[in-house]
Amino acid sequence: MPPSERNPAWRQIARRSQLKINLAWWLDRFAPLLTISSMIAAVLLLYLRSQDQSPSQNTLLATAAGTLALLAITAWLRARPQFISEREVYVQLDQQLHLHNALTTADHGIGPWPALPVDKVSNRLRWHWPRIATPLAISVILLLAAWYIPVTPQAFAALPPASQPLAWEQMDNWLETLEESELIEEPSLDEVKEKLEKLRAQDQEKWFSHSSMEASDSLRDSLDQQIRQLGSNLEDTERNLNAFQNFSEQMTDATKNQLLQDYQKAMKQLGLGQLPLDSKLMSALKSLDPSQFSKLSQLSQKQLDQLREQLKKGAKALKELQLAKGGNLPGFSDQDMIAFLMQENLKGPGRGGIQRGPGEAPITLGQPNDLNTNNLSAVQNQDLSHAAPGDIIATGKTEHDIDKSHQGPQSAGAVKSKGQGGDAIWKDALMPAEKELLKRYFTKP
Amino acid sequence: MPLSEQDLQSHVEAIDQLRKTLNGVLFGQENLIELTITGLLARGHILLEGLPGLGKTELVTSLSKALQIETKRIQFTPDLLPGDITGNPVLQETEKGREFVFQPGPLFANLVLADEINRASPKTQSALLEAMQERRVTVLGEAHPLPNPFFVLATQNPIELEGTYPLPEAQLDRFLFKLEVPRNNAQTLERIVNHRELGIEPKVEAVMDAKTLSDIMKSVREIYLPGVVANYIARLVDGTHTDQSEVAQRIRFGASPRAALSMASAAKARALMAGRINASFEDVDAIAIPVLQHRIILEYQARIDGTTNTLIIEELIEEIPHQDIDTPISLKEK
């Protein structure tokens with residue numbers, strides 16, 4: 001190559017190297033920015049998805065493009081001070097090709113451009129692919145994970161848990177059945193419902209607390225008692241009506257009076273209590289006079305049959321409720337429950353089952369003198385997210401750091417314990433001036 | 001007008017001839033000869049250190065013959081006085097009557113061989129110091145310039161140190177190079193035995209005269225020193241000082257700015273000897289040890305550990321990069 005053409009050829013080589021090195025600098029600055037931004041973007045994306053506000057694909061692409069452009073510009077601004085000039089590339093080429101700074105000299109216009117090497121000039125630096133690819137891969141993985149990882153929107157997560165105290169479920173069922181049967185006054189049912197909702201309104205964490213369970217059981221037992229009472233009264237009423245309707249002619253007056261008294265008593269009780277009978281039904285029943293049934297002047301036999309049928313149905317429904325109040329878990333039969341409770345490994349305190357356990361309290365059946373209070377063991381709180389300030393995380397046996405060396409009475413200024421080795425020499429043999437000198441020597445920075 | 005490689009051609013030929021001549025006289029000391037010529041072209045003084053009989057004096061006498069320049073030899077002894085080397089005023093009868101006339105001493109020569117310089121008293125060493133630095137001698141308040149060119153090639157013996165006066169650091173700093181004359185190996189010794197006779201001086205051809213030498217030295221000054229090379233020299237010298245490099249932890253006192261100037265000058269001389277119009281990093285690396293090794297003082301601990309000045313300079317050259325720029329982590333060396 002003639003000397004006149006060497007200059008452009010060397011310049012081309014230098015610019016190629018310059019571009020590569022400067023691009024590498026830009027990548028050095030861009031990679032951490034990209035990684036950090038990806039982390040932030042991934043967190044943001046997960047948050048939006050958890051809020052059920054997933055951005056559309058177009059919005060996502062536009063945001064990504066904008067962010068990348070911003071990062072690229074920031075990286076360029078940060079990398080610019082490190083950018084290498086063409087002149088500096090000549091120095092590198094001089095070194096690489098052992099040109100004794102001939103290119104630098106030529107670039108300054110002092111000497112001629114050296115001849116180009118026969119072989120192609122390859123850059124002494126090559127790409128460090130693992131370093132380049134790692135942050136990019138991390139960014140892509142983070143973003144893909146944030147986009148594809150299954151996330152339950154918070155709206156669903158906020159729903160109450162599927163599991164709630166059994167007593168509530170039972171009461172729900174009873175109230176539903178009572179509503180469908182239309183036997184009870186609506187306000188009475190609302191009152192019970194209100195109490196139930198009040199229990200539900202407390203924090204989910206407290207649903208299974210002791211006080212909540214006690215209140216739930218009490219409410220359920222009360223409702224259970226009233227339903228039982230109502231069923232019994234309805235049954236009595238229906239039976240009395242049946243007797244008056246069909247067998248009044250065969251009954252003596254004393255029997256009739258007795259039945260009438262029973263009927264009136266049942267009627268009275270139906271109107272009382274926390275679950276009073278529906279007012280329409282009540283008024284229909286009140287309008288009856290059982291002693292006159294045989295004459296049928298007030299009500300036709302058919303209408304009486306219908307009324308009785310209604311009472312019978314109500315009593316049956318309530319009886320069914322009573323039968324179902326055992327409260328076993330759905331799909332968990334009595335046999336299963338017995339087998340569960342009979343399992344050997346369930347013996348012991350607090351493992352008794354749904355209502356109360358078969359286990360024994362440690363104080364009653366354990367060693368009378370061993371209250372399990374002597375053993376210190378670490379408290380494992382695996383779910384630290386719910387740990388409150390002041391909760392014990394762990395306990396252990398430690399001893400106070402007490403100086404056990406004997407310190408008896410001693411005269412003023414005297415040192416009783418001289419120590420050993422260098423300590424003894426320090427206390428016994430060295431003069432204050434010597435100590436000072438040694439201190440200065442060893443504490444000298 | 002900048003130098004061209006053609007301009008240097010005749011100089012390179014003359015230097016090659018000188019190199020060849022000296023190598024024909026002093027066997028197995030190619031590197032020593034190369035550095036001695038470099039030092040001369042850089043207008044520097046050289047301190048040769050080595051055992052007796054290795055050819056230090058022979059190198060100087062051969063050099064003087066080859067260069068056809070006036071040479072004088074001074075054997076330094078403890079009773080040598082400054083006046084003995086600089087010259088003394090002598091009372092003479094002149095037309096104006098009796099007056100003191102300066103009689104130049106042995107320093108008034110182009111090439112002075114100061115043999116066993118460390119045997120002279122500090123007073124005499126100091127007189128030599130002024131001559132080496134200022135290239136003139138002052139007697140009775142009158143300055144007498146020394147001839148041009150003026151070189152001092154001093155020798156000192158690393159053994160028999162009893163009764164010697166080690167050169168002070170200030171005086172050591174005035175030597176461009178400190179060169180250690182190595183022992184000859186068996187092959188070289190055999191060659192010496194075969195080609196030389198005891199008591200008979202070898203014949204040395206004159207290859208250039210004082211004017212040619214002066215022209216060459218003038219060209220050395222015109223050699224281009226690129227900014228990056230000057231920067232490298234500066235960083236090397238700076239790296240000998242505390243906290244400026246890893247190596248400097250073992251150095252008590254670093255090199256002076258004169259060391260940087262000496263390196264630049266020596267690098268230029270080396271470039272000219274290679275026929276180049278510019279000095280390079282390689283030139284600096286090649287002359288770094290002879291320029292710096294006598295200008296640094298090691299820590300006691302380093303000496304106890306067996307570290308030498310040469311090793312320290314070698315480590316410094318490895319530590320300080322030619323170019324003070326970082327490489328991006330996205331790239332790696334092939």
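**A buried arginine and its surroundings**

Modeller: Arg19(B) counts as buried at 17% relative accessibility, where buried means a relative accessible area under 20%, exposed over 50% and partly exposed in between, with a 1.4 Å probe and protein chains only. This is a predicted model, in which local features need pLDDT of at least 70 and side-chain atom pairs count only at pLDDT 80 or more, while totals for chains, interfaces and linings use all residues. Residues are numbered from 1 along each chain as its sequence is written, chains are lettered from A and ligands numbered from 1 in the order in which they are written, and side-chain values use heavy atoms, with hydrogens and water left out.

Arg19(B) forms a salt bridge with Asp16(B), with 2.4 Å between the closest N and O atoms; the term means a side-chain nitrogen of Lys or Arg within 4 Å of a carboxyl oxygen of Asp or Glu. Asp16(B) is partly exposed, at 34% relative accessibility. Because the two residues stand three apart in helix 1 of chain B, about one helical turn separates Asp16(B) and Arg19(B). Helices (H or I, at least four residues) and strands (E, at least two) are DSSP runs, numbered from the N terminus.

Helix 1 of chain B covers residues 5-25 and also holds Thr21(B), which is buried at 14% relative accessibility. The side chain of Thr21(B) reaches the backbone oxygen of Gln17(B) at 2.8 Å. Leaving aside neighbours within four places in sequence, Thr21(B) is in contact (heavy atoms within 4.5 Å) with Ala66(B), Val204(B), Glu205(B) and Val207(B).

Elsewhere in chain B, Arg73(B) and Asp115(B) form a salt bridge whose closest N and O atoms are 2.5 Å apart. This pair links distant parts of the chain, since Arg73(B) sits in strand 2 (residues 71-75) and Asp115(B) in strand 5 (residues 111-115), 42 residues apart. Arg73(B) is partly exposed, with a relative accessible area of 47%, whereas Asp115(B) is buried at 6%.

In chain A, Arg87(A) and Asp107(A) form a salt bridge at 2.8 Å between the closest N and O atoms. Arg87(A) lies in helix 3 (residues 86-96) and Asp107(A) in helix 4 (residues 102-107) of chain A, so the pair ties together parts that are 20 residues apart in sequence. Over all chains the rule counts 25 salt bridges.

Across the interface of chain B and chain A, by contrast, the rule finds zero salt bridges. The area buried there is about 2,500 Å², of which carbon and sulfur atoms give 60%; buried area is the accessible area (1.4 Å probe) that two parts lose on being put together, summed over both. Ser330(B), Leu331(B) and Lys332(B) supply 24% of the area that chain B buries against chain A, more than any other three residues. Helix 9 (227-238), helix 11 (281-292) and strand 12 (331-333) of chain B each supply at least two residues of the side that touches chain A, and strand 12 gives the largest share, three residues.

Methods: Polar contact = N/O pair within 3.5 Å; in protein donor to acceptor, adjacent residues only side chain to side chain.
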